[in-house]
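This report describes how two protein chains meet in a model. Look at the sequence and structure first, then read on.

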Amino acid sequence: MPAERLLPTTEAEDLIALAREIAREELAPHAAEYEEAGRFPREKFRLLGKSGLLGLPYSERWGGGEVPYEVYLQVLEEIASAWMTVGVGLSVHTMSCFALAHHGTDEQRERWLPAMLEGDLLGAYALSETHAGSDAAALSTRARRDGDSYVVTGTKAWTTHGGEADFYTTMVRTSDRTTDDTGGISCLLVDADTPGLSAAAPERKMGLTGSTTAQMIFEDARVAADRLIGAEGDGLRIALASLSSGRLGIAACSVGLAQAALDEALAYARERRQFGQPIIQFQGIEFLLADMAAAIESARAMYLDAARRRDRGLPFHRQASIAKLVATDAAMKVTTDAVQVLGGAGYTRDFPVERYMREAKVPQIFEGTNQIQRIVIARELRKA
Amino acid sequence: MPNIVVLVKQVPDTYSERKLNESDHTLDRESADAVLDEINERAVEEALKIKEASEGEVTVLCVGPDRATDAIRKALSMGADKAIHVSDESLHGSDMVATAKVIAAAIGRVEGVDLVIAGNEASDGRGGAVPAMLAELLGMPQLTHARQVTVDGSTVQVDRETEEGLTHLEAGLPAVISVTEKINEPRYPSFKGIMAAKKKPVETLTVADLGVDAGEVGLANAWSTVLEAAPKPPRTAGQRVDDEGDGGTKIAEYLVGQKLI
Ligand SMILES: Cc1cc2nc3c(=O)[nH]c(=O)nc-3n(C[C@H](O)[C@H](O)[C@H](O)COP(=O)(O)OP(=O)(O)OC[C@H]3O[C@@H](n4cnc5c(N)ncnc54)[C@H](O)[C@@H]3O)c2cc1C
């Protein structure tokens, strides 16, 4: 059952129709096979690029689609609903363009941004390190200025698209950690072909197995100094601003995933008969399905509210954190309950819901764990 | 530089359940999602390929209710240049002959048409005769069931594939072509195409604008009548056999039993 959407324009409706068509014909039929094989669907991202979906929320001046976040996120939801790996990948790519799009100089944007937004390049965002997860400011990958370049040494952890991406928006330390914890970090737009940059073997994950996650190793990697985005020391601010918008993307993906689980559970509950009737007739099942729908639709309403605030230029950080928290928790609960609705069948790999359940776990962890979201929300409450 | 008209139709999505109206057995267009017929996407794709090889212009022509504008926009967002939309209440329930007449009249408004490209049959009505009727009305050669089309200057060659086999046809332009599912893989629109479609001209016409007599169209004037309709019976569970090394034999026996081999 496709989500009922209120869209602002006819173009937005056509865009959603395009996303649904690609999702239905090009993504959904291949998801299970790729996830089972742990295969990264690079060519699907090329198709998204060709269709103009890799730069939707950015300015037309640089090759973006200039669509409101409200619309971009719903496209993302449709894509994630068919295949979480591709939805999350699209969200991460979009986030990895944020630094250059919002903090680069015109000269930098002219040079690199169009290929990132309207070409078929794929981006990655490298902030986390093994010892610097929730405490991202503790990162220690070092960039030392040497003439016209930075020489980068260190290891970024958990990089989505690590080894597959064409560029890495990378947070590095250009001076020692300061007392206020924010200084000393800078943002470099690193080309994948940079000598001295390599990817470690991908992580072996519980879910989202089609999406590559890997450490990125910098061994005296030389990055031209004109690839510094913003000023030295701006890195953490840029990283956190990227994440605020990125979190909305993760919220939208989680809603899409939950919707897919509900659709599967509904279809099964209509067909499956026990005690002489379809199980959907039992109140015990019907209420489960109703709660799933309620969780999904309220999470969708939340991310759309945050997106509309962003589109109007209003502060949206608290709303983005709430949307991420609510939507990812909803996806975890809904996918778990979908397994319950399918009974034993739900626990097998012959049905997609067990995979959805495994996929739903990670959005509660990345782009700021849900504990960190609560910290952000509480901080905003204290400020108010 | 061929000037191409592509016929497009909005049909119920084959993914959704399709129904007929109880009262007059016409298609219940409200009950299902409406989409541009896939065979028409292929027709548009073929037109765009020809245009891209030798320039020219592609006009989409659609006869259908107001909401068929969605299907027209899809064709425009794929890359067609402009559209003609014939929309008129009186057309409801028109048969193929009336439809072909209206289409022929509308094509008459496009100057210097070299090629008319249609799908071989729509996925809803599945009559499959409109392209041939149209060719007759326009006095153009008909090259139907094309699985391959080559335009070469002022001639067009077509590989025509039907159950009877493969035929190679050639005709001088202008001509009417209908394409089969094998013709190509249609492109997806792009976001840029969607934005561009907004600015492309769509001319909306009524039956009167076309000078077609209202007494020739619509359900009341159709030459054919649907007397009865029944929904497709639900799919049955089928027969399950376990392969104990003799699976092949069992399948063969089943097929023989069904008189299929
Ligand atoms: C599949 C996957 C993809 C990823 N992709 C990327 C990527 O593309 N780029 C990138 O930079 N990173 C990425 N990450 C990293 C991700 O953002 C981190 O895993 C996340 O920020 C948590 O860090 P950590 O794993 O070190 O956990 P820790 O920070 O060690 O947290 C462990 C636990 O402690 C809790 N905790 C920590 N601090 C507090 C506190 N102050 N109060 C209460 N609880 C606290 C956490 O909530 C968590 O439950 C990815 C991770 C995964 C699993």
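## Buried area

In this predicted model, chain A and chain B bury about 1400 Å² between them, and 56% of that area is on carbon and sulfur atoms. Buried area is the accessible area (1.4 Å probe) that two parts lose on being put together, summed over both. The size of an interface is often given in this way, as the accessible area lost when the parts come together.

## Contacts

Contact is counted for heavy atoms within 4.5 Å. By this rule, 18 residues of chain A are in contact with 13 residues of chain B.

## The chain A side

Helix H1 (10-37) and helix H2 (42-50) of chain A are the elements that give two or more residues to the side touching chain B. Helices here are DSSP runs (H or I, at least four residues), numbered from the N terminus. H1(A) supplies the largest share of that side, ten residues.

## Basis of the values

Residues are numbered from 1 along each chain as its sequence is written, and chains are lettered from A and ligands numbered from 1 in the order in which they are written. Local features need pLDDT of at least 70, side-chain atom pairs count only at pLDDT 80 or more, and totals for chains, interfaces and linings use all residues, while side-chain values use heavy atoms, with hydrogens and water left out.
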